[in-house]
Amino acid sequence: MNLTEFNQSDLCEHFSCPERSLSPAVYILLYVCSAAVVLLTVCGNLLVIISVLHFKQLHTPTNMLVFSLAVSDFLVGALAMLPMLIWKIESCWIFARGYCISFLMASYFLTSLSIYNVGLIAVDRYLALSNPFLYTNTISNRTMCIVVSSNWCVCLVYNTAFYYFNGSFTRFVMCPGECYLFLNEVLFAVDLVIAFIFPCSIIIILYTQVFVIAKKHANAIRELNNHTRPKTQKITSHSMKSERKAAKVLGILVSVFLMCLLPYFIYSVLGDVIEIQAETFQKLAIVLYLNSTINPVIYALFYPWFRRCIKLIITLRIFQTDSALINILS
């Protein structure tokens with residue numbers, strides 16, 4: 001939790017652990033639902049990872065970014081989601097202080113990584129639509145692998161440096177039964193710009209441009225259809241439909257991402273204006289993590305190739321000879 005600096009005694013009094021008042025049945029149900037959400041997040045993103053790695057047809061620059069996003073979402077489910085859900089159910093941080101620090105570092109690193117992964121996907125789609133010939137000639141799988149690796153390294157260095165300087169300027173405040181990171185106002189403002197305002201601005205601006213370009217392409221195809229033979233019309237109509245569908249999927253993916261992201265950061269910004277509620281922070285952090293659960297579901301609902309990959313993986317056909325060459329895009 002990114003909270004600005006306060007008096008430690010007041011904080012510990014404000015964030016004291018309440019008594020748990022859940023019935024045993026509700027308590028068990030919450031743990032079962034939490035386990036199901038974590039399992040769906042881990043398995044869903046693992047299916048995306050295996051699909052992109054295994055099938056040759058999916059070895060494209062754009063799918064390298066999808067792979068990077070799936071890996072970060074997988075790690076969110078494996079490392080961050082379960083401790084947060086347990087914390088919420090128990091109404092208290094039941095793990096050790098050292099694990100709290102590791103949990104916070106992993107959470108912030110993976111969150112910033114996911115944001116920049118989506119930002120890179122926005123840049124990739126904008127370049128592909130605005131100048132497809134230049135994109136095809138300059139963006140290769142090797143180039144995209146370098147970009148993805150650089151993104152991971154930069155996010156790791158930034159978060160490591162951030163925690164180092166945070167330890168120099170203001171200390172960790174550890175209240176009994178709680179796990180929060182408190183920042184001074186300068187570090188909070190810097191992190192807000194770098195980890196939220198800048199990448200989200202890029203995402204919104206570029207995806208707006210993507211929809212504008214897609215609409216222009218659709219209008220151009222419609223005009224072309226008025227002067228072509230029926231066979232060509234069928235082909236171009238199919239192209240227009242595919243383009244609209246791609247734009248629709250992109251819009252859903254980005255909209256869900258922003259819906260999960262914005263409440264947490266807006267509440268963080270308003271932390272100095274409104275009364276801070278620890279329970280609200282936990283709920284908004286869980287909503288933020290749930291974006292990692294939703295992404296594979298979006299792929300499954302709107303991408304037929306992903307559904308074919310799931311079928312091949314579940315039926316173990318990927319272990320057959322030359323299974324990597326199976327045509328999954330037709």
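Helices (H or I, at least four residues) and strands (E, at least two) are taken as DSSP runs and numbered from the N terminus. The structure described here is a predicted model, in which local features need pLDDT of at least 70 and side-chain atom pairs count only at pLDDT 80 or more, while totals for chains, interfaces and linings use all residues. Residues are numbered from 1 along each chain as its sequence is written, and side-chain values use heavy atoms, with hydrogens and water left out.

The protein chain contains 10 helices and two strands. Read from the N terminus, the order of these elements is β-α-α-α-α-α-α-β-α-α-α-α. The chain has 330 residues, of which 45% count as buried; buried denotes under 20% relative accessible area, exposed over 50%, and partly exposed the range in between (1.4 Å probe, protein chains only).

Two helix pairs were examined for their packing. Two packed helices are described by the angle between their axes and the distance between the axes. Axes are lines fitted to C-alpha atoms, for helices over the stretch in contact, and angles between N-to-C directions run from 0 to 180 degrees. Helix H2 (residues 24-54) and H3 have axes that come within 8 Å and cross at roughly 170°. H2 and H3 are therefore roughly antiparallel, given that angles over 145 degrees count as roughly antiparallel, under 35 as roughly parallel, 65 to 115 as roughly perpendicular and the rest as oblique. The crossing of H2 and H3 is left-handed, a term applied if the near helix is turned anticlockwise from the far one by less than a right angle, with right-handed used if the turn is clockwise.

Helix H3 (residues 61-90) also meets helix H4 (residues 97-130), with axes that come within 9 Å and cross at roughly 150°. H3 and H4 are therefore roughly antiparallel to each other, and H3 passes H4 in a left-handed crossing. The loop between H3 and H4 holds Ser91. Phi of Ser91 is positive, near 60°, in a residue other than glycine, and Ser91 counts as partly exposed because its relative accessibility is 23%. A positive phi of about 60° also occurs at Asp322, which is not a glycine. Asp322 lies in the segment after helix H10 (304-314) and, at 55% relative accessibility, counts as exposed.

Side chains of opposite charge can pair when their charged atoms come close. Asp124 counts as buried, with 2% relative accessibility.

On the surface, a nonpolar patch is formed by Val186, Val190, Val193, Ile194, Ile197 and Phe198, which together have about 500 Å² of accessible area. Patches are made of residues with over 30% relative accessible area and no salt bridge, like charges being joined within 9 Å and nonpolar side chains (Val, Leu, Ile, Met, Phe, Trp, Tyr) within 5 Å. Accessible areas come from the Shrake-Rupley method with a 1.4 Å probe, and for residues only the protein chains shown count as cover. Phe198 is placed in helix H7 (residues 185-225) and counts as partly exposed at 46% relative accessibility.

Cys260 is located in helix H8 (residues 230-269) and counts as buried, with 7% relative accessibility. The C-alpha atoms of Cys260 and Ile286 are separated by 9.0 Å, the two residues being 26 residues apart along the chain.

Note on methods. Salt bridge = Lys/Arg side-chain N within 4 Å of Asp/Glu carboxyl O.
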